[in-house]
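User: Hi! Could you walk me through part of this structure?
Analyst: Happy to, just ask away.

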Amino acid sequence: MKKMSPESLMMSYGFKPELSEGAIKPPIFQTSTFVFRSAEHGKAFFEQAYGLREKDEGEELGLIYSRLNNPDLEILENRLTLWDQAEEAAVFESGMGAITTALLQFLAPGDLLVHSNPIYGGTDHFVKHMLPKFGINILGFDPDQSKEEIEEMIEASGHSSRLKMIYVETPANPTNDLIDLEMCRAVADKFAGEEKPLVAVDNTYMGPLWQHPLKQGADLVLYSATKYIGGHSDVIAGACLGSKELITEVKGMRTFLGNMAGPWTGWLLLRSLETLKVRMEQQARNAAHVYEAIKDHPKVKTIHYLGAIKPGTRQHEIFEKQYKSAGAMLSIILEGGEKESFKFLNNLKLIKLAVSLGSTESLAQHPASMTHAGVDPEDRKKYGISDSLVRLSVGVENAEDLVWDIKQALEA
Ligand SMILES: *Cc1c(COP(=O)(O)O)cnc(C)c1O
């Protein structure tokens, strides 16, 4: 048979209707535990789950208990692997659940975690304030630093022999700065001892359609599935993707933290995945239209948008090799400060004033006082998260309606 594209498989992959009364859609398996066919089956499942023996050819992990696995989660995990061409996926009840579980699984006291700046507020807090409590060393780098500068910083930290992971968010939120993932891979490999340090990428902003970090050499891809994957502002969820070996380890930690997604969350995401591509493509088209329509407006100073990166720059080089689209996020720098930004936000009529992104409805917010309020004021200044920055996540509405709304709020 022809090899089908992910969007063609999103309605069927990993689900066998004959096991569910012929239902075309997977039922919600709202069950905490599963009945074993025999005591021998139960024993065999546990041996597998605890890795007490090798799996037989073609043997799948039997269903035991919904903290370990559940059909809705398994189907979802199978489908999620398709976009990133990952061997395996693990789903969580939130993006933070996915990120913290992966960090806790792979880091140990004395290890060095190198991370890009700026990173999502929740991740920033966990990395900078919680991991050090467990004896983990933290070192941040900036988007404009070269490979050599980052390597020198790692050497100078005194912990280079314990480099365990490079954690990257690209594009950076909310500034849309790009980081070269192949460069991160090369830095990680340079410090490889017996094991290679891992490269982990938060792909929430551009995944799973427009950036595929595993192809650029990353080991782990992380998602807040609350954003594009869920896409309807009605569910909180997360995912971690990578090789079978690494995801088995992540799932081990998930079993003990107990932060796997529930069956209802899994089912909602299965529904969302069916329209993922059409939603994201429409959002990107709308964002390009909005950008063109407002970029020369006198109240707009500049717009950070992947479609506006100047050719000939290093940022453009990274864009060309790493991204398939300019995405649907606009960071608009207005003339004025907080007062003017708030006036603009308060006057929007169609676009909703709310944090989050990647949803069917357009969302606008003020990072300096909202999503990034917890970031150190010095860092906010350094990374350009100013009072005049408004972040816009473009939805699937009519593009002309969006332009009308933004223009009337700018006039106000
Ligand atoms: C929202 C978000 C997260 C956190 O995800 P939750 O689903 O809210 O836990 C992490 N990273 C990025 C880039 C995000 O936008």
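User: What does a side-chain oxygen of Asn398 reach at the start of helix 14?
Analyst: That oxygen comes to within 2.8 Å of the backbone nitrogen of Glu400. Bear in mind that this is a predicted model, where local features need pLDDT of at least 70, side-chain atom pairs count only at pLDDT 80 or more, and totals for chains, interfaces and linings use all residues. Residues are numbered from 1 along each chain as its sequence is written, and side-chain values use heavy atoms, leaving out hydrogens and water.

User: Which residues are buried in helix 14?
Analyst: Among them are Leu402, Val403, Ile406 and Leu410. Buried means under 20% relative accessible area, with a 1.4 Å probe and protein chains only.

User: And what covers the buried residues of helix 14?
Analyst: The cover includes helix 10, helix 12 and strands 8, 9 and 12.

User: New topic: what is the strand order in the open sheet?
Analyst: Its 5 strands run 8-9-12-11-10, with mixed pairing. Two strands pair if DSSP finds at least two bridges between them. Strand 8 (300-304) and strand 10 (352-353) are the edges, each pairing on one side only.

User: How many bridges join strand 11 and strand 12?
Analyst: There are 3, in the antiparallel sense. Gln365 has Arg391 of strand 12 as its bridge partner.

Notes. Helices (H or I, at least four residues) and strands (E, at least two) are DSSP runs, numbered from the N terminus. Buried means under 20% relative accessible area, exposed over 50%, partly exposed in between (1.4 Å probe, protein chains only). Contact means heavy atoms within 4.5 Å. A polar contact is a pair of N or O atoms within 3.5 Å; within protein, one must be able to donate a hydrogen and the other to accept it, and residues adjacent in sequence count only if both atoms are side-chain atoms.
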